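Colleague: I've got a model open and I'd like to learn how to read it. Could you walk me through it, one feature at a time?

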Amino acid sequence: MRVFRRLTAVAVTIGVMLAGAGFAWAGDGRPSEWQMNFQQSATPVMDEIVKFHNYLVYTVIAIAGFVLLLLLIVIFRFNARANPTPSRTTHNTWLEIAWTVIPVIILVAIAIPSFKLLFLQLNTPAADMTVKATGKQWYWSYSYPDNGKFEFDSILVRDTTKLRPDQPRLLGVDNELVVPVNKTVRVLTTGAEVIHSFAVPSFGIKIDAIPGRINETWFKATREGIFYGQCSELCGRDHAFMPIAVRVVSEQAFNTWVEDAKKKWARDDSVPTNFAAADKTLR
Ligand SMILES: [Cu+2]
């Protein structure tokens, strides 16, 4: 009993310490101190990921609990003192069928929702707009092929004195990726020189950005706010310093932003880039 009392005291102490340290169950759009769970979901895909994760946790707890129960029965009921003359039974057909079939059923019960989730992630629905994210060493460049000819770089704010009050250190960037709320956004990713990975935990997306290839994913942010992610492929020296910041705004605010962006980051595309022609003139 003394052991139990001590364990309870330890648990209470840890609880109090966590509460004092600003314990948060889940951060909103960014990591938080002592975070114990996913960041809060902001898209239907992430909602499903969270549900599937919880379902798996309950399944795992049930299995672990059952195995623990069996172990305890063996320890207490079948030790040498409690059971001096052990049974010599070696086979039991029904038991063997059960311990083959039940795990199969459990695996199927996990596989079906797992495949449903994969299809939800990989089948991009009809998109309202497209953004292209190019991973570079070591920052991201964004362009909006549906909204005009502009492209801009999104670079980490290294000087912590220049951070806005709402910007976390090592995640705040100078120019955020701005998207409208409740719109299906198709994300195209590519890499400029090495493989990067575009990942935003609250959106449930993580997709490699590979040189010479275009990868595709999608999200539909259901609330406004700023959601942070990081490059998730080891890409070189400053891999840890190329965060992704997505600002989700109302459609009206987005349209205003696009008008400004077109002026600010205008790109002259009147002459199409023709590498073959350029190559010839060089020779
Ligand atoms: Cu990278």
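Modeller: Happy to. Start with burial: a residue counts as buried when its relative accessible area is under 20%, as exposed when it is over 50%, and as partly exposed in between. Keep in mind that this is a predicted model.

Colleague: Okay, let me try that on a residue. Is Tyr144 buried or exposed?

Modeller: Tyr144 has a relative accessible area of 0%, so it is buried. Phe254 falls in the buried class too, at 3%.

Colleague: What do those two do with their rings?

Modeller: For ring pairs, you look at the distance between centres and the angle between planes; under 30 degrees is stacked, over 60 is edge-to-face, and the rest is tilted. Searching the whole structure turns up 15 aromatic pairs. One of them is Tyr144 with Phe150, a stacked pair with 5.3 Å from centre to centre and 20° between the planes. Both Tyr144 and Phe150 are buried. With Phe254, the ring of Tyr144 makes a tilted pair, because the planes sit at 35° and the centres are 6.2 Å apart. Tyr144 is in the loop between β2 and β3 while Phe254 is in helix α4, so this pair ties together parts 110 residues apart in sequence.

Colleague: Which residues do the ring pairs link into a cluster?

Modeller: The cluster consists of Trp140, Tyr142, Tyr144, Phe150, Phe152, Phe198, Phe254, Trp257 and Trp265.

Colleague: And how do I read a nonpolar core?

Modeller: Think of buried nonpolar residues joined through their side-chain atoms. Here the largest core has 36 residues, and Tyr144, Phe198, Phe203 and Trp257 have the most contacts inside it. At least two residues of this core come from each of β1 (129-136), β2 (139-143), β4 (177-180), β5 (185-191), β6 (196-200), β7 (205-209), β10 (243-249) and α4 (251-264). There's also a second, separate core of six residues, with Ile49, Phe52, Leu117 and Trp218 among them.

Colleague: Which residues does Phe203 touch, leaving out those up to four places away in sequence?

Modeller: Phe203 touches Ala42, Thr43, Val45, Met46, Phe219, Ala221, Phe227, Val246 and Val248.

Colleague: Now helices. How do I check whether one has the span it should?

Modeller: Multiply 1.5 Å by one less than the number of residues. Helix α3 covers residues 93-122, which is 30 residues, so it should span 44 Å; the C-alpha atoms at its ends are 43 Å apart, which agrees. At the start of α3, a side-chain oxygen of Asn92 comes within 3.2 Å of the backbone nitrogen of Trp94.

Colleague: I spotted a proline along there. Where does Pro103 lie?

Modeller: Pro103 is in helix α3. With a relative accessible area of 37%, Pro103 is partly exposed.

Colleague: What should I look for in the backbone itself?

Modeller: Most residues other than glycine have a negative phi, and most peptide bonds are trans. In this model, Gln137 and Trp138 are joined by a cis peptide bond, with omega about 0°. Trp138 belongs to the loop between β1 and β2.

Colleague: What about the phi angle of Trp34?

Modeller: Trp34 isn't a glycine, yet its phi is positive, at about 60°. You'll find Trp34 in the loop between α1 (2-20) and α2 (44-77), and its 48% relative accessibility makes it partly exposed. Asn182 also isn't a glycine and has a positive phi of about 60°. Asn182 sits in the loop between β4 and β5 and is partly exposed, at 43%.

Key: Residues are numbered from 1 along each chain as its sequence is written. This is a predicted model: local features need pLDDT of at least 70, side-chain atom pairs count only at pLDDT 80 or more; totals for chains, interfaces and linings use all residues. Side-chain values use heavy atoms; hydrogens and water are left out. Helices (H or I, at least four residues) and strands (E, at least two) are DSSP runs, numbered from the N terminus. A polar contact is a pair of N or O atoms within 3.5 Å; within protein, one must be able to donate a hydrogen and the other to accept it, and residues adjacent in sequence count only if both atoms are side-chain atoms. A nonpolar core is a set of buried Ala, Val, Leu, Ile, Met, Phe, Trp, Tyr and Cys residues joined through side-chain atoms within 4.5 Å. Buried means under 20% relative accessible area, exposed over 50%, partly exposed in between (1.4 Å probe, protein chains only). Contact means heavy atoms within 4.5 Å. Rings of Phe, Tyr and Trp (its six-membered ring) pair if their centres lie within 6.5 Å; planes under 30 degrees apart count as stacked, over 60 as edge-to-face and the rest as tilted.
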